[in-house]
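Please keep the sequence and the structure at hand while reading.

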Amino acid sequence: MGVGTVARVEALPDRLARAGIERRTFLKYCGTLAAVLALPDTYARNIAQALQSVKKPSVVWLEFQDCAGNTESFLRTRNPGVADLVLDILSIDYHETIMAAAGHQAEAAKAAALAEGGHFVVVEGSIPRNDSGVYCTIAGKTAWQHLEEAAEGAVAVIAVGSCSSFGGLPAASPNPTGAVSAANIVSGVPVINLPGCPANADNITATLVHFLTFGGLPALDGEGRPLFAYGQRIHDSCERRAHFDAGQFVAKWGDEGHRNGWCLYKMGCKGPATFHNCPAIRWNEGTSWPIGAGHGCNGCSEPGFWDTMSPFYERLPKVSGFGVESSADTIGWWLTGGTAAAFAAHGVAKSVQRRVTHQPPGPASGTLESGPDEQASEKGGV
Amino acid sequence: MAKIAVDPVTRIEGHLRIEAQVDGGQITEAWSSCTMWRGIETILEGRDPRDAWYFTQRICGVCTTVHALASVRAVENALDITPPLNAQLIRNLITLSQFVQDHVVHFYHLHALDWVDIVSALDADPAATAALASSISDYPKSSPGHFGAVRAKLQGFVEAGQLGPFSNGYWGHEAYKLPPEANLMAVSHYLDALEFQRDYIRIHAMLGGKNPHLQTYLVGGMAIPIDLNSQDAINADMLSRMRVLLQKGLDFVRQAYIPDVLAVAPFYLDWAAIGGGLGNFMAFGDFPMGGANPSIAPDDLYLPRGIILGKDLSTVHPLDPLKIDEYVTHSWYEYEGGDTAPLAPFEGETKPNYTGPQPPYDFLDTDGKYSWLKSPRYDGHAVEVGPLARMLVAYGSGHEKVVAVVNSVLGTLGVGPEVLFSTLGRTAARAVETLVLAERSLEVLDELVANIASGDTAVHEGSKWEPSSWPATAKGFGMHEAPRGGLSHWITIKDEKIDHYQIVVPSTWNGGPRDGNGVGGAYEAALVGTPIADEERPLEILRTIHSFDPCMACAAHVIDKDGKPVVEVTVT
């Protein structure tokens, strides 16, 4: 019954039928994914075809300096449901939080999956490099060693959450353990960043499905983030934007504006500086999202946000990392006009900001399949 | 005689390694090591205390919310802020639903495979499984057809040859005792619980914007407004949707979780005499019934505060938070004054000092330092925290509901309270607690509705929101019962910034290494005497360790990188 001893032959239609998943449910799921990927409805058919023609893709999920928040988020995935995703659509061959095996049997399961190659590596948590990486070891080996090993022969490395995408909380000043992102370690294999604290389950699933459907990476921005999920500023698609434009701001927690869903900019909302599809897909099966619940965005999908977006209750121009000195009176002009052009090509804008604030670099450009410009036109083609 | 290592211990949060000496088919000595450290408290220094909850919540995404709550309580304690009653009730609702979701996930997804042999379920008869299920519960998905479909799904999964997360499990191990039908029923509920936990936790999205890592905590209250006439606030619609979810939670606990524990336990009653451990238990207590900060108002809590020593349920000792201190004798840190004496949280100092073997390594030097966890002690005692500690303290305190549910479970199994001091007792206590708290969640919702109906819509006490209103120095602590046990955050604020921050975490109490007196923590104590049938496949270690529900990301932390003394002010 060991893994790798049985031929992997069965296609998805048989698996779904045996699993009791109705075809209609499956197609609805594909439709949901198409929507998350910002594809036309007709692509649900392509997605369905792709999923049905492949054997279950092998996923090796590595947890390093993490909180398992991305794992928990992944387990909140919607239609057709987490049980079907975990058991019938993907083959989760290694995942410390959910796998039955422990100790050397767990490591053997991983070794078998890696030996076969063609797997996805999902990375959750940052990788410490100070003192040769002793700040995170598993089975007596460092996170650093584990990631280098697992990436070899992988189809892609998917960094879920801000810690594996950008170093995240462990890398926040003064970065006591020398924590870095997955892209800082991996070379020769494409790295996709799905930042967020945690990453949204819909975006994790959609990224995997995009790969299976179209045989390649989704188009990425300058920070290695898929445009389908990180292509728009939160501020531009926020349900409270009309209140911003009308000058209606929350001034105090629990005041009339707060009770009536006014703009949270003055309470420190970082939506104007944050690229993420939270307003569109929301969280927990579309139930809500932070701004919808009454608290500002903290910019959790941006590199270095722990340092550049905090103090979280300060208005944007005062935030140290933002690089713009401006009074509150001019903020309206600045947000609506001054930065619009810059953010339209935010891959460029963000790299400038990174230089200004001396943040650790994101993924090296060599790890991406193409540069920002080509990726943008790829997206246009879709 | 052999020394064995289990690394990684899976189906937990974080990075835990167990080394054990096995002699004559039994563990004679055990060492618990956390192998990951991030330094979050160091990162907190110099930042805005109002941001601390957002940072600390990221200590753990499984126990999401718990460090956020303990953090805002610590800052509120330091600055003498009392949040409005609505905020306390909303925090209670978030915490209670966290307990229900987290305990269900623990039982079915992290712990069940220690007792349930998935492969054996393939031999089950669906009709007999339906008969078994119907005999113990009115859970709806219990027909022969349903169990036939589950078995077919499992069959297909195994035959397809990609076992995924079930690869290399200890299937067929002689310590698995359940009949195939009970295994199949458990597999079915394992799958149902995956969907349940996702749907149920939407209550966190309603109240907190998202889960994991809710985003509506504030020092002084909550950022989710209340307005019955607004579509952007807690209104009648949201209250009724929350009620539906809370009721579904209670139904699942009543119809699946409790009956499953009662059905599985009789096959493993030998585990009621294994894994007892320290015999000392500590509960901070939680779920304030009024507006007061529970850190300083222990008489106002739904679950009581107290200490039980030497398994003596007849005496619940009072608890003084200032009697907590921590050793680093066997931890990869160093104290300026030497590593043999403990330091209290407010006086804490820590500097990382890795002295372990260079990776890759086979074994740690367990005579020296061997973990990123410290060894917290209460008044010199090593104590266990968590569901068992809470239920024992409540039971010993005469908590009416807890006494009734515990006695009912013990009566059903035909055993006395002495069996609670065990691996099985820990697992049963968690189930008991889930039922008690799922029922409590609906009562708290009623209280919230009643308070709103009385005209109170306040969610935030804002008079000390601006840092300019704060004293030059202040310090305080926040106590909370997280699902895994008593949690405390300790903050010192100086000139509007965090000067010093420390976190003493449940899994540090339970999973810490030996202290300066050579006394081990709860994991190490509980493993001694555990039988090991097959040293190559130490299933029994997983059973006892999982009964604690370890959370290592929470447990590993540091106090203060410079080890500088904190300012002296009176605790408010």
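Leu262(B) is partly exposed, with 17 other C-beta atoms within 10 Å; here a residue is called buried if 20 or more other C-beta atoms, placed from the backbone, lie within 10 Å of its own, exposed if 12 or fewer, and partly exposed in between. This is a predicted model, in which local features need pLDDT of at least 70 and side-chain atom pairs count only at pLDDT 80 or more, whereas totals for chains, interfaces and linings use all residues. Residues are numbered from 1 along each chain as its sequence is written, and chains are lettered from A and ligands numbered from 1 in the order in which they are written.

Leu262(B) belongs to helix α9 (residues 236-264) of chain B, where helices (H or I, at least four residues) and strands (E, at least two) are DSSP runs numbered from the N terminus. Leaving aside residues up to four places away in sequence, Leu262(B) touches Ile136(B), Val409(B), Thr412(B) and Leu413(B), a contact being two C-beta atoms, placed from the backbone, within 7 Å. Leu413(B) is 151 residues away along the chain, yet its C-alpha atom is separated from that of Leu262(B) by 7.3 Å.

In the strands of chain B, β15 (residues 485-494) and β16(B) run antiparallel and are joined by 7 bridges; strands pair if DSSP finds at least two bridges between them. Ile491(B) stands opposite Tyr501(B) in β16(B). The two strands, β15(B) and β16(B), form a hairpin with 2 residues between them, and Asp495(B) in the turn has a positive phi of about 50°. Because 7 of the 8 residues of strand β16 (residues 497-504) of chain B are buried, this strand is largely enclosed by the rest of the structure.

The axes of helix α12 (residues 423-453) of chain B and helix α15 (residues 539-547) of chain B come within 8 Å and cross at roughly 40°, the axes being lines fitted to C-alpha atoms over the stretch in contact, with angles from 0 to 180 degrees between N-to-C directions. The contact is made by the residues tabulated here.

| Helix | Residues in the contact |
|---|---|
| α12(B) | Thr423(B), Arg426(B), Thr427(B) |
| α15(B) | Arg543(B), Thr544(B), Ser547(B) |

Between the chains, 86 residues of chain A are in contact with 85 residues of chain B. On the chain A side, helix α6 (residues 103-116) gives the largest share, 5 residues. Chain A itself has 20 helices and 9 strands, and 61% of its 382 residues count as buried.
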